Amino acid sequence: MFFPMSIPTNRYVIELPFQADDLAPYISKETIDVHYEKHHKGYETVLLGLISGTEHEQYSLEDLIVHSHTSPDQRIYNNAAQIWNHNFYWKSLCAPATSKHPTQGAFFDAIKAFGGFEKVETDLLTAATSQFGSGWAWLVRTEHHEIAIRKTGNADPVWLNSADHPLFIVDVWEHAYYLDYKNRRKDHVESVLKNVMNWSFAERQFNAA
Ligand code: MN
């Protein structure tokens, strides 16, 4: 398992780990409200409708993703994967006052070996802005316990076809930024990376088995 998620039976969307206005002005309360209440919970409403009364009801979110991703009908996969990605996305964000780079430890050393925090942010920005259409930019720990940057399209979780262990993600679907930044994806991602990334969460993910 990639990280523990305490979610009540048959509910898949986590509670927001911050208040909806905590990330302003970098991400507005309006964006968080629409993104969480309409988009994220919307995926859950659709998924519950698709699996209600079927054998899929007993599956964990991760199992649903793994078992449905090669299905000709991609609706369960797309909605389950988007629920997972958004749960991980909320955990990847935090209020500006608590967004601090680590200064020592294994995660810090891995970032240094990669080229430093500035290179991480530059490469993540490149991944986010070069993703054509919707998708996600990821900071991951590789199977060799090195830092790497990835991008995936649409709903694809980075771990599905790789040994990558996700540390944090940036949502580059337009719904993540259009209310605040219109079409300026680069400005949005730069602002998020510099101000509201949860480096403590990334470090806990890095140190997890
Ligand atoms: Mn989103």
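Along the chain, the donors of the manganese ion are spaced H-x50-H-x84-D-x3-H. Donors here are N, O and S atoms within 2.8 Å of the metal (3.2 Å for Na, K and Ca), and water is not among the atoms, so sites may look incomplete. This is a predicted model, where local features need pLDDT of at least 70, side-chain atom pairs count only at pLDDT 80 or more, and totals for chains, interfaces and linings use all residues. Residues are numbered from 1 along each chain as its sequence is written, and side-chain values use heavy atoms, without hydrogens and water.

The site first. His35 (NE2), His86 (NE2), Asp171 (OD) and His175 (NE2) are the protein donors, 2.0 to 2.1 Å from the manganese ion. Histidine 86 sits in helix α3 (residues 75-92) and aspartate 171 in strand β3 (residues 165-171), so this pair ties together parts 85 residues apart in sequence. Helices (H or I, at least four residues) and strands (E, at least two) are DSSP runs, numbered from the N terminus. Both histidine 86 and aspartate 171 are buried, meaning under 20% relative accessible area (1.4 Å probe, protein chains only).

Now α3 again. Helix α2 (residues 61-68) packs on α3 at about 140°, axes 9 Å apart. Axes are lines fitted to C-alpha atoms, for helices over the stretch in contact; angles run from 0 to 180 degrees between N-to-C directions. Among the contacts, heavy atoms within 4.5 Å, Leu61 and Ile65 are on the α2 side, and Tyr77 and Trp84 on the α3 side.

Last pair. The axes of helix α5 (residues 117-130) and helix α7 (residues 185-195) come within 10 Å and cross at roughly 145°. Their contact includes Leu124 of α5 and Val189 of α7.

Note on methods:
Buried means under 20% relative accessible area, exposed over 50%, partly exposed in between (1.4 Å probe, protein chains only).
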